[in-house]
Structures are given as C-alpha cells and as structure tokens.
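Reader: I am new to protein structures. Please take one part of this one and walk me through it closely. Start with the whole chain, then zoom in.

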Amino acid sequence: MLERSIFPLTKLRARVCSALLIGVSSLVAGQTSHAQNSQADAHAVQSSPSPGGMSTAGAHAPVLDNQKRPITAGGFVDKGPIVFRDVAAEAGLTVWQHTMGTPEKKFILETVGSGVALLDYDNDGWLDIYLVNGSTYDAISGKCTPPHAALFHNNHDGTFTNVGAQAGVTNDRWGFGAAVGDYDNDGWPDIYVSNFGKNRLYHNNHDGTFTDVADKAGVTLGNWSAGASFGDYDGDGRLDLFVPGYVHYDLEHPPLPASKEVASASCQFRGVDVMCGPRGLKGEKDHLFHNNGDGTFTDVSEKAGVSDPNAYYGLTAVFADLNNDGKVDLAVANDSTPNYLYLNKGDGTFEDASYVSGYALNENGRETASMGIAVGDYRNDGLLDLYNTVFSDDYNPLYRNDGNASFTDFSYQLGIAEVTIPFLGWGTGFLDYDNDGWQDLFVANGHVYPAVDSSAWGTTFAQRPLLFHNLKGQKFEVVPAVNRTGLAAVITGRGAAFGDLFNDGKMDVVINQLEGPPVLLRNLSPEKNHWLGIKLIGGTSSPRDAVGTAVYLRANGVRRRGDVLSGGSYASSNDQRIHFGLGESTKIDDLEIHWPSRVVEHFPSLSVDRFYVIKEGKGIIPSAYDKPTQSVAPK
C-alpha cells in the first residue's frame, strides 16, 4: 500500500534523486513548475507504511470540482470539442457483461479486471473485438455456469454480433488478458488468453472457429498469469511468447489478514480495511516461451535471463525495439515492485537494464504500482517512449526515450503528472485521435476498493477516462470532459484497446469494464486532417503478421514512427495495422519499412486517406481496402 523500498543509489541514475511527489491540491487551479513539484510532498498526508497493499506516493488531499464532486467522477464542462461518443449499445456490445468475483471485492483476484483484443479474425478487412471475462467462485467450483468471453464480429455497418460460442473462444475460466499473434505463420491471427488457472492458446482454423491448443503447445502454465505479448526475440521469423506472472493465489487458502498467506496482521488503505495485496503476498514468476516452429513452445525463461527470480507482480508486458537495433526488447509493468526492461542481446538472451535504463522506478526513486504500458513516439524523433498507468495517490510516469533505451521520467515537465494522481489507471495507449500527426495519450481508469465511494478521499470506484492532447511533443494538455460524451463516461475501466473499428481513418477505443458492459468510444473528432493506414504482411524471414516491424513515414518535413506490436495497454492487444495522422499533408514523401528480417523497403508517393496492404518483398498488393465502400459513417 504505502510501503517504500530503498535501493542503493549506485543502482540509480543521479537524476532519480529528486524529492517526493507533489500533492494535488492545485490540480484544478492549473499547472505548477517542476521546481515547485520537487518540494510539494509536504502537502501530502502520509499514512503509516503497510506491507499488505499497493505501492503509492502517500495519501493526497481530495481534488473536487466546482460542484464538490471528486474530480475522478466530475470536472465536466458543457462546451468543448466532442472527441468520443460511447456507441456500445447501438453497436450491439452491451448484450454482454463482464463478471468477476463478488461486488464486495474482498480478495485481489476479484479486482484487477480483464483485457480486450482487437483483431481481424476472419481476414475480411474489418476489426473484430475479443472481450475477456472473469469468473465467480461458484463457477470455478462447478456450482453454476461460468461467465463467457465474447468475440464480436464486425458486421461492416456499425454493429457487431457475438459469435464467441460458435467460434469456440468463450474460455470459461477466470480470465485476465488477451494477446494477438500469428504464431504459426499461416496468415490468420491467433489469440493467447491468460487466466487464473490454465491459459489458452486459440489457434485460428480459417473458417470462423478456433481450437485451444495450449496443452499441445506447452503454454498452459497455471495459477495466475497476466498480460502477455508475442514477439520474435531471436529473429528466426516465428513469434515467441512472454507471459508475466502476477500473484500466487490459492482458492482454498485466500489471503486474509494475519493468515500465513499474508505478511501482515492487517490490510488497510488510509486506515480502512481493504483486500490484501499485492504486497505481502507471494508472487508468480514470468515465462518466455520459444516457438519451436512445429506448433510447440519451450520455456527458455532462465536461459534468456527473464525468469523474474524476484517473483515481482507482473501485470502487462510488451515486446518493442526500444534502442533501434532491429531486435525487439521487452518491457514489463510490475505492480508495487520495480518495472523490468530487458535489452535483447541478439544471442537468445537479454540484459536486465531495468535500473540503468531509468525504467525500473519513477523520478523519485520509487517503485510504482504499474498496471499498463503505452508504447509510442510522442516527439516524432524516431524513438519509442513508454508510459505507465499506476495506482491512485501517485502520478502516471511518462518515460522519455533519450536514445539507446535510456529513459527519463518527464511527466511533470510535460504537464501530465499532477492531473493523474486521484485516478487509478489501467488500459492506456498512444493514439493520434485528431490526425494532426502527433501521438496523444488515453487512459482508462477505475478503482479497486469499493470503500472509496463512502470515503472523503476525493476519489471514486468508477472513474472517467483521461485524454491528453499532444502539443507537438513539447507539452500535453487535458482534453475537456464534455457532458454526455465519451470522456464524461464514469466507468470501472480496466483493459483498453485502440484501433480504427469503422475504417474511417479515426482511432477508436474499446474498454472492458470491471463488472459492467463494454464501452466503445467512437472517434467523432471534428478535425479534417488526413491519414494513412498500413496493414503489413511479413515475408519468409519475418513473422507473417509483421509483429516487430517499425515503419517511418515522412511528410511535410516531419518523420513519424509506427510499430506493429502485440500486447501492452493493460492485458490487451491493439489494432496491428499502422495508423498515421498526417495533419494537412496531402503528399507522402516516403514510407520506410524496417521488417524484422532486417530488410528495409521504401514506398514514396502514396495516396492519403486510405488503407494499403504491403507484403514484404512483393510491395503493395490488392486488398479489400481498394473498394471505396470500406468505411462506416457515424449516425
């Protein structure tokens, strides 16, 4: 909860030794300088340490709007840009609901919710939606029918149909995460589902159905797995799989205060009894599975140096090339323990650069309760930056990539730290919502303690999302939450995935709520900027779905970067088509593709406001996107 770990300063950069986090009493009034922030922890009300909960910066003063509502469920305005509208009901998604444990949320197993994946499972050119479900104690014990995961097929007209049962992907286990990757290079996306209990690997049968092959493949594991990621770490053209472990959990012996499962006599947050964990509980180790190319995987975690001997509480992982050497590295968001950053050495092993890179801790030298990871190039400098969502009473850190995977926590300088302190963040992503050519930031929020609704802490169980507009890489500004729009939706957000669901060139958001229906935020941004979408198909030496590919687009003197990734956000998987906002540019000077095979290809003079399909070594190929009807206008 509030316990802090002290690490030797020799393991930290000198820049990490700043003072503690600012209080949030001035959140509504406006920005404060970074120099003021370094002294502002005197405004925070510090609680006594406890090993039985989450890592935070301390208890901060409530932040209320002008109607005396907590800012997490208030602060709305009547006028402003309408960016998103929740169209989940009219799209047909609200026939399904997430279920996890009991409303009281007595144990941590019931609180962290589940992810969502966007994928074109039937290769028709339209994104479909896979929503992971949780479970209940009665379902696990066989006393009732378990909740089902959903696969919503895109009907191409703005609506979706749940075909999860017909497709064979309902999971029926206590589910947490979903990662998408074509692990057998057959041209069809597969789905890895991480559970409490055995995990599933759903192989795509090319006919609208899937088969769970996890047992045969050797990737079932057991106990509690979290947000996985596919990536070709050894460059053999086949996707490997990394699965972080969270908490070691025993249903027969749940973590009760003063029990042998909990390293403390009480579990409290701000003096109120709450569920225990993750601190004080036993963790689960992480696993890296090497793809053998025959439908099976081999656990190479220890050999590769990513086995997590500390058994930290891993929640989300993502493979991405963070030092631009053509090899995918690995970032892991750990809850209440230092984050991991592993650099790919190119010989089948990784170097643990967590501390030296600056990613293990925030700028104050503290570990955070990290939930999700956003990966993107917010400065258009060709370097991938990292953004983590964390627990309430702490700020979400944005780690600026200064080159060679050297990161600086730059959150306060960018103006996006203080506003996040009352919120508890989960799914997150960089997305250019207005197509101005600069990647913005979205955060889905929601608390884990129902008791916050009866407290005076200035936060709420259900919370509104946050959207930060990128001011050309120099600052971010909060986009106002206009009443009755998507940014004013007060929800228990967990997993979030980002993609163009309507093929109209605008990035949408799907959020999997805890104990609620899904949210589909359709992008209605009024800006008329141009865009380009790219679907990539790898050749014989790259993964077929091109995961791990970096793409650079040059237009009007600006060079932008997009990457094909699997996993990330919070236990979720995004649209694997590359999306570029172009601003007012109507001419593309060059599209430069760096394939995982190390082949580099250039495509100049492409048209704008459309999708292309590009195959490695074959160039632009005919596709469904060549038809002018491949989009759905908002109603």
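Author: Among contacts in the chain between residues at least 6 apart in sequence, 63% join residues at least 24 apart. Keep in mind that this is a predicted model. The chain has 635 residues, and 65% of them count as buried. Its secondary structure comes to seven helices and 38 strands. The C-alpha atoms fill a box of roughly 65 × 50 × 50 Å along the principal axes.

Now zoom in on strand E17, residues 329–334. How many of its six residues are buried? Six of the six are, so E17 is largely enclosed by the rest of the structure. Look at which way the residues point. Asp329, Ala331 and Ala333 point one way from the strand. Leu330, Val332 and Asn334 point the other way. Both sets are buried.

Next, the neighbours of E17. Strands of a sheet pair through backbone hydrogen bonds, either parallel or antiparallel. Strand E16, residues 314–320, pairs with E17 in the antiparallel sense. Six bridges link E16 and E17. Find Ala320, and you will see Asp329 of E17 opposite. Strand E18, residues 340–344, also runs antiparallel to E17. Here the count is three bridges. E17 and E18 form a hairpin with five residues between the strands. In that hairpin, Ser336 takes a positive phi near 65°.

What does Ala444 touch beyond residues up to four places away in sequence? The list includes Leu424, Gly425, Trp426 and Gly427. Arg494, Ala496 and Ile511 are on it too. Ser572 is 128 residues from Ala444 along the chain, yet their C-alpha atoms are separated by 12 Å.

Finish with another set of strands. Four of them form an open sheet in the order E33-E32-E35-E36, with antiparallel pairing. The edge strands are E33 (558–563) and E36 (600–603), and each pairs on one side only. From one strand to the next, the twist averages 20°. Six bridges join E32, residues 550–555, to E33. Follow one of the pairs: Val551 has Gly562 of E33 as its bridge partner.

Conventions. Residues are numbered from 1 along each chain as its sequence is written. This is a predicted model: local features need pLDDT of at least 70, side-chain atom pairs count only at pLDDT 80 or more; totals for chains, interfaces and linings use all residues. Side-chain values use heavy atoms; hydrogens and water are left out. Two strands pair if DSSP finds at least two bridges between them. Helices (H or I, at least four residues) and strands (E, at least two) are DSSP runs, numbered from the N terminus. Axes are lines fitted to C-alpha atoms, for helices over the stretch in contact, and angles run from 0 to 180 degrees between N-to-C directions. Buried means under 20% relative accessible area, exposed over 50%, partly exposed in between (1.4 Å probe, protein chains only). Contact means heavy atoms within 4.5 Å.
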